[in-house]
Amino acid sequence: MNLAEQFHDNCGFGLLAHIHNQPSHQLLHDSIKSLSRMMHRGAIAADGKTGDGSGLLCSMPTGFMRQIAEDNGISLPKQFAVATLFLSDTETQLATFQQHCEKNDLNVILTRVVPLDTDALGEYALKKLPHIVQLFVVPAALTATRRFDALIYLTRKEVEHQLDQDPDFYIASFSRTTVSYKGLVMPTYIEKLFPDLQRDDFKISFALFHQRFSTNTLPQWKLAQPLRMIAHNGEINSIKGNCFKALNKFTTAESPIFSAAELKRILPILESGVSDSANLDNMVEFLLANGVDFFKAIRVLIPPARHNVAHLPAKLRAFYEYASASFEPWDGPAAVSLTNGRYIGCVLDRNGLRPAKYVITTDDRLLISSEYGVLDTPAEMIRERGRLQSGEMIAADLERGEIFYPRDIDRYLMESQPYKRWLTEHTYYLQEFIERQFEDLSDYRYPELDKLQRYHNITSEVVNLVIRTMMKEGKEPVGSMGDDSPLAAFSDQQRNFSDFFKQKFAQVTNPPIDPLREKVVMSTTIGFGGIANPLIETKERAKRLKSNSPILSHDIFQALLTFGDPELPRYEPCYKHLRFTTGFDQNLEQSLQQLGEKVVTAVQDNGIRIVILDDRVLSAERKLIPMAMAVGYINQQLLRVGQRQHVTIIASTAEVVEPHAAAVLIGYGCVAIYPWLLYATSLELCENRNLTAKDIRLSLKNIYDALTKGILKIMSKMGISTVSSYRNAALFDVIGLNEQLVTT
C-alpha cells in the first residue's frame, strides 16, 4: 500500500452567492479573487505552478452555454444539463457515456472540448492532464424536471460503475444547475487555464471555491475540489466506518424517486479511489437525489453535539436522536460548503475545529470563507458579519432570496415532523428498566476463576496495576511514556489478541480533542436494533433501544434481553436475540466459518436481530476463537449476504480487561460489550477485602466508568467524538497477527 495515496486534507474553502440569484460576471471575478487569496492554504510544487488542486463549482452560466451551443449550430431547449468529464481514453469513454444516456432517455446533442491554456500548468500537472470535455445533454422526451435530475444522477452512477477500473476517468460535474472548473492549477492561474472564465458572458449567481492542501496525498486532477455538491476543509476521521455502513445501510431501502431496480443500479453509493471529502460528497448527493430534504441531508451526516448539551431545545434534540437511528456522524474536523442549485450554505463540525466566517453585504451577496479579507469589501457595504460556532449551519434560499441563520434551520428541523412523540412511543433507554446497577451479583461468580484468569492473561500485575486502579478511581491507570514493552509480535510472553492491534492517529485533527475538557461534544451512547428505511421518515425508524455506554453491566444486559425473548411481555421481533458460543475443539479457520454460517442462517431464516457472541465455554477440551476475529468475520459475512443493516452484534467476553480491547471490538463492528471476567475478578477482589454491598457496587460501577472513559480517550486520539462513528472504522494497524494465528 502506498501511504501517499491515503486521503487527508486541510484546505481553504468558501462560497460567494447573490442572495436573489442574479447572475453576473463580476461575481465570478470576485470568486476567483477570493480563491486566489487563499493560495497560502495549499501546497506548491517546485515548479511554482502545480498545487494540490483548486477550483470553482459555479451556477450554470445559462447564457454562456446557450451561446456555445448556438456557435455550434444547436439551439438548446429550456431543459438541459452539462457534464464535465476527465477522460483518459476519449473515444471509448465517450461512447460508454453516450450509451448510458440513451438507455436512460437522454440525448447528448453536443460534445465540446474545453479550451485550455496549458501555460498555466506546472510540469507535474501537465503530465497528469486529462482530456477535458463538456457534453450537453437533454431529455429524449417530455420529462418533469425532477425526473430529469434523477436520470442525470442515475446515468452518471452507471457510467462510473462501468469505468471504475480506470483511475483517470472522472465526471467532475453532471448537472442541470451547476458546472465545475477545477484541476491541478494554482488559484492565481485558474482563469488563465480556463479561457471560458475570462468571457464576459460567463455570468453566474453563485460559486463554491476551494484551495486544496493534501496532508499525505499525491495530487490528482480528480481530487481537486469543489466536488459535485460540496467543498470540504478538514478530515473525515471515521471514513472507513462510514464507507462500510454505506455498503449495507441502503440494501433494502425504498426510494420515493427511484424504482427498486434503478436503486440497485445506483449502488454502491461511494466511489473507489477518491478522497474522504469525495465520499462525503457522494453520500450528500445520494440523499438529495433520493428526495431527502437539503438541510436534513447534511445535518444527519454532520450533526451538532447533543448528549451533553444542557440548553438544546427538546424538540431539536429529538430530531437528532431520531436521525441517529439511521445515520452516524461523518466525524472529524469539517467545514463544509454545499449547494443543490437552489440552496447554498455552510455547516461546521461539532468541535468547531475549522473556521467558517461569513459576510452579508448591502448589495445582497453572501460570502463565506475560511477567513476574513479574501474579498475587498468596503466597510460601508457590510450589512452583517459573523462566524459559525461549533455545529452551526447558515444557508441561503436563492429562489426566495432569504438567509437562514442557525436558529431558523434548527426551528425548521425540529418542527418538520413529530419526532419527540415518535421517540416517546418507540425509543427506550435500558437504564429506565433497572433501579440500580450492580445490584444482582449472581452472574459475576465463576468456579475455577483462577484458571479463567490464567487463560486470559489476567496476571497479578494486571490485577494490581490496572484493575485495582480502575476499581478505586473509575479511570484507567496513568502509565509512563517510557514503555519499553516489545510489540506483541516480537514478545516472548503470552499476549492478548488485542495487543496485536495498534490504533492509528488522526493526521490533521489539530488541536486534538480532549475527552475531559471537551466532554460536551463526546458521546458513548449506543443503539440496539436494525436500520429502517433511511430515505423516508416514518415513526418506525424511531424504534430503538439505547444505552449510555457500549459497556454493559449484568443488569443492563438482562434488561436488553427481555425485549428479545418471545416469552416475555416486552418482546418485539426487531430485538429477537440468540447466543452463539465462540468455542472450538480444533481447526480455527473451519470453526470460524461454521460460526459465521450459523449466524447468517439464524438471521436469514429465524429472524434473529441481536447476535450475542459468548466465550464462556472454555474447558480443557474447548479453546476460544479470539473475539475480535469472530466479530470482524461475522460483520463481513452479514454484509456479504445483505443482512448487516438488520443486526446488532454484542460480545460477552473475557478478553476485555482494559479500554483498548473494547475499542478493538467496537472498531470491528461490535455494538456492546459485556466484560464478564473483568467484573468477576473485581468482585473477587472486593469480597477478599470484605467490602460492604455499597462499596462493592461502587467498585463495579467504577470499572464500568473506567472502560467507558477509556473508550472516549481512545476515540479522541483519532479525532472521533461519537462511538457510533468509531464503530466499524477498523482504525488499527495489525502487527504480526498472521504468524500468531498460525501458532494458534
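This is a guided tour of one predicted model, stop by stop.

Before starting, note that residues are numbered from 1 along each chain as its sequence is written. Local features here need pLDDT of at least 70 and side-chain atom pairs count only at pLDDT 80 or more, while totals for chains, interfaces and linings use all residues, and side-chain values use heavy atoms, with hydrogens and water left out.

**Stop 1: the open sheet**

Select strands β9, β10, β11, β15 and β16. Strands and helices are DSSP runs numbered from the N terminus (helices: H or I, at least four residues; strands: E, at least two). The 5 strands form an open sheet in the order β9-β10-β11-β15-β16, with antiparallel pairing; two strands pair if DSSP finds at least two bridges between them. Which strands stand at the edges? They are β9 (230–234) and β16 (402–404), each with a single partner strand, so one side of each has no neighbour in the sheet. From one strand to the next, the twist averages 10°.

Now pick β11 (residues 343–348) and β15 (residues 393–397), which pair over 5 bridges in the antiparallel sense. Click on Tyr 343: its bridge partner in β15 is Asp 397.

Helix α9 lies across β9 and β10 (334–339) and runs at about 140° to β9. Such angles run from 0 to 180 degrees between N-to-C directions, and axes are lines fitted to C-alpha atoms, for helices over the stretch in contact.

**Stop 2: two cis peptide bonds**

Select Gln 225 and Pro 226, which are joined by a cis peptide bond with omega of about 10°. Pro 226 is in the loop between β8 (206–211) and β9. Then select Leu 267 and Pro 268, where the peptide bond is also cis and omega is about 0°. Pro 268 sits in the loop between α8 (260–266) and α9. Most peptide bonds are trans.

**Stop 3: helix α10**

Select residues 294–301. Is α10 largely enclosed or left open? Of its 8 residues, 8 are buried, so the helix is largely enclosed by the rest of the structure. Buried means under 20% relative accessible area, exposed over 50%, and partly exposed in between (1.4 Å probe, protein chains only). Among the buried residues are Lys 296 and Arg 299. At the start of α10, a side-chain oxygen of Asp 293 comes within 2.9 Å of the backbone nitrogen of Phe 295.

**Stop 4: α11 against α12**

Select helix α11 (residues 314–323) and helix α12 (residues 406–415). They pack at an angle of about 70°, with their axes 8 Å apart. The two helices are therefore roughly perpendicular, a term for angles of 65 to 115 degrees. Lys 315, Leu 316, Phe 319 and Tyr 320 in α11 meet Asp 410, Leu 413, Met 414 and Glu 415 in α12; contact means heavy atoms within 4.5 Å.

**Stop 5**

Glu 655 lies in the loop between β25 (648–652) and α19 (659–667). Glu 655 is partly exposed, with a relative accessible area of 22%. Its side chain reaches the backbone nitrogen of Met 627 at 2.8 Å.

Next, find Asn 728 in the loop between α22 (723–726) and β27 (732–734). Asn 728 is buried, with a relative accessible area of 9%. Its contacts beyond four places in sequence include Lys 240, Phe 244 and Tyr 668.

Methods. A polar contact is a pair of N or O atoms within 3.5 Å; within protein, one must be able to donate a hydrogen and the other to accept it, and residues adjacent in sequence count only if both atoms are side-chain atoms. Angles under 35 degrees count as roughly parallel, over 145 as roughly antiparallel, 65 to 115 as roughly perpendicular and the rest as oblique.
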